Amino acid sequence: MALARKEPPSRGYANYALFVLVLVYAFNFIDRNIISILAEDIRLDLGINDAQLGFMYGTVFAIFFALFGIPLGRFADVWVRRSLIAVGLAVWSGFTALSGFARSFTELTVYRMGVGIGEASASPAAYSMLSDYYPPRLRATVIAIAQSGVYIGSGVGLFLGGFLLDAWEAAYPVTEQAPLGLKGWQVAFMAVGIPGLLLAIWVRTLREPVRGSSEGLEVPEHPAPFSVLGAEMRAMTPGINLVDLKRDGGSVVANTLYALLIAALAWALTSLTGNPAQWVALGVGAYIVVTWVQSLAVRDPATYNMTLKSKAFVYLLIAVPVKGVVIYAMGFWVAPLLLRIEGTNPTDVGLYIGLSTAIGGFAGVILGGFAGDFLKRRHPCGRLIMVYLAIVGGVPFGLLTIYSEDLLSAAGFNFLFLVCTVASTSVPAATATDLVMPRMRGIAVSLLILVGVFVGLALGPFVVGYLSDLYLSQGYDARSSLQMGLASSFLIFLVTLVFLTMAWRRLPEEEATRLDRARALGEPVQQ
């Protein structure tokens, strides 16, 4: 931490760092989302179904992303954030490249685990750095600009994946004659993974801003940051976490009851759907998170109370991730759906949907960030308006995308769907950082990400894939069954509206009393 510069960075340097972090987010989602355009080839080559694709893209990635996001988010609050991002970038890029050597569903699933672990490092550390590079009044705008890389990366990933698939097939129509016997989808993974290793070196050269400097708060450096990482990793490790929980004074009885409840739910859902891997994996992940939350309550009661005892934070923690069920499902399944239209090919789908994703997502997230900060200056809950607008505007355009009969119309409606839905992307992180103290920002963002991926990413693609398989078994064709599965997912927006309204009622008071609540919890507040 001695590397942190004592003087605040200039606005010019802050903008430079923001540009680099946009690239990080772009690579993050190129590596994560390229599997969408490759899905049909992977499905046919490995002989798997839609539910397995959704499980591999969503559930497996989400669980490891979420579980490692908590300790890495905590680590971001005490260690050099630029180094954490650089290491994580190297890890997820390396596993993306290794995915090109996968020869089975199991191998590819294991590599997806590695991608999830590496990508878990990026957002908490990046949001925390940006919160110190820029003043609070620009927080949503800056986070939105950083998140624009998500949609640039998603679009580029779709285009590159589609282009490489067709180019490789044209060059090597007989797989046995291709170098190392590689398929086009394997080459695509390698092509997007390797450049990320070079970007990791660039990220490591960024200057580390001083924590709390943007708000005039003094945050002492942690004397032993790796001990914090070790403690958080222990709290996430089954068996060890229970021993530590008992040692720290947590309730083992309550933990056992939670475990039994989670096991019962996993058994019931397995019996209902016939997919044990999905629900056992989610159940194990949920139990680890519950145990970690119990541990946090006794190890760091101030952080626990400022986050999970804040009603505004908890309501937001439910509302926005539930919305993610639709966002993640659409993000993964739109490309495979359009490839099921007769006459389409990966290059065209990748180009049209990639462009609409990149431009629509970029425009939506940037406009949403500016609008969110503008509305926030006029009302304490102003940013939440963007979530309402995302749902009202997103539903009709999303349905039109799903039921479009040609690629060009689908791309146009997908553009409008993204402009609407991603306008609220910066709201959760910006609101969360306004509710907690600077040293808690990484863990607060990690909690949002954790619930977001557990609810949105782990459930959205899988549930739509499961519904698609269900409708297929009832006699619908492959395209119609996937359309119905996607359309059904839009009903979840009703849950978002309920909890968003509850958050609206609590947010002004809790933001206004942030420092008083922190002092009451024993936090040293120096201004």
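Begin by selecting R11, R137, R377 and R378, which gather on the surface in a patch of positive charge (patch residues have over 30% relative accessible area and no salt bridge, and like charges are joined within 9 Å; a salt bridge is a side-chain nitrogen of Lys or Arg within 4 Å of a carboxyl oxygen of Asp or Glu). The model is predicted, with local features needing pLDDT of at least 70 and side-chain atom pairs counting only at pLDDT 80 or more, while totals for chains, interfaces and linings use all residues. Residues are numbered from 1 along each chain as its sequence is written, and side-chain values use heavy atoms, leaving out hydrogens and water.

Stay on R137, which sits in the loop between α5 (122-133) and α6 (139-171) (helices are DSSP runs of H or I, at least four residues, numbered from the N terminus). R137 is exposed, its relative accessible area being 52% (exposed means over 50%, buried under 20%, with a 1.4 Å probe and protein chains only).

Next, turn to the aromatic rings, of which the structure holds 19 pairs (centres within 6.5 Å; planes under 30 degrees apart count as stacked, over 60 as edge-to-face and the rest as tilted). Select F417 and F490, whose ring centres are 6.4 Å apart with planes at 50 degrees, so the pair is tilted. This pair links distant parts of the chain, 73 residues apart, with F417 in helix α16 (residues 407-421) and F490 in the loop between α19 (478-489) and α20 (493-512). Both F417 and F490 are buried. Y13, Y16 and Y133 can be selected together as one aromatic cluster.

Finish at helix α17 (residues 427-435), which is mostly covered, with 9 of its 9 residues buried, including P428, T431 and D434.

Methods: Patches are made of residues with over 30% relative accessible area and no salt bridge: like charges are joined within 9 Å, nonpolar side chains (Val, Leu, Ile, Met, Phe, Trp, Tyr) within 5 Å. Accessible areas come from the Shrake-Rupley method with a 1.4 Å probe; for residues, only the protein chains shown count as cover. Lys and Arg count as positive and Asp and Glu as negative; His and the chain ends are not counted. The place of a charge is taken as NZ of Lys, CZ of Arg, CG of Asp or CD of Glu. Helices (H or I, at least four residues) and strands (E, at least two) are DSSP runs, numbered from the N terminus. Rings of Phe, Tyr and Trp (its six-membered ring) pair if their centres lie within 6.5 Å; planes under 30 degrees apart count as stacked, over 60 as edge-to-face and the rest as tilted.
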